[in-house]
Amino acid sequence: MSEFQELLQEQLKDPDFKKEWDDIQPEMDVIRAMIDARIEQNLTQKELAARTGIDQADISKLENGTRNPSLKLLKKLASGLGMQLKIEFVPMQVSRK
């Protein structure tokens, strides 16, 4: 396990930290999915910008988590990646102590 993972596991024992971590997870999942799809296709941010008509700086902000995307923007990104956007609701996991 990496140093980061060890530290994270330790921090997740703190209920306040865990709540904050869980609260940002959906945003982090979107960011990770976008970056993974772009990298899987060997695309730079600039190339993805050209495909989508979205400014490269905005793609960078999305990937850095400093801009929240609209549903319309996510659809445009998915299309530029040759993908379909799928959003789903899943049951919450109840933590057991």
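This is a predicted model: local features need pLDDT of at least 70, side-chain atom pairs count only at pLDDT 80 or more; totals for chains, interfaces and linings use all residues.
Colleague: Which residues of α5 are buried?

Modeller: Leu73, Leu74, Leu77, Ala78 and Gly80 are buried.

Colleague: How do you know that they sit on the same side of α5?

Modeller: Look around the helix axis: they cover an arc of only 165°, so they fall on the same side of α5. The face turned away from that buried side carries the exposed residues Lys72, Lys75 and Ser79.

Colleague: Nice! Now α4: which of its residues are buried?

Modeller: In α4, residues 56-64, they are Ile59, Leu62 and Glu63. Seen down the axis, they fall within an arc of 95°, so they line one face of the helix. These buried residues pack against α2, α3 and α5.

Colleague: What makes the contact between them?

Modeller: Ile31, Met34, Ile35 and Arg38 of α2 meet Ile59, Leu62 and Glu63 of α4. By class, that gives five nonpolar, no polar and two charged residues.

Colleague: What makes Asp55 a cap for α4?

Modeller: A side-chain oxygen of Asp55 lies 3.1 Å from the backbone nitrogen of Ala57. A polar contact needs such atoms within 3.5 Å, and Asp55 caps the N-terminal end of α4.

Technical notes
Residues are numbered from 1 along each chain as its sequence is written. Side-chain values use heavy atoms; hydrogens and water are left out. Buried means under 20% relative accessible area, exposed over 50%, partly exposed in between (1.4 Å probe, protein chains only). Helices (H or I, at least four residues) and strands (E, at least two) are DSSP runs, numbered from the N terminus. The arc is that of the directions from the helix axis to the C-beta atoms. Contact means heavy atoms within 4.5 Å. A polar contact is a pair of N or O atoms within 3.5 Å; within protein, one must be able to donate a hydrogen and the other to accept it, and residues adjacent in sequence count only if both atoms are side-chain atoms. Ala, Val, Leu, Ile, Met, Phe, Trp, Tyr, Cys and Pro count as nonpolar, Asp, Glu, Lys and Arg as charged, and the others, Gly among them, as polar.
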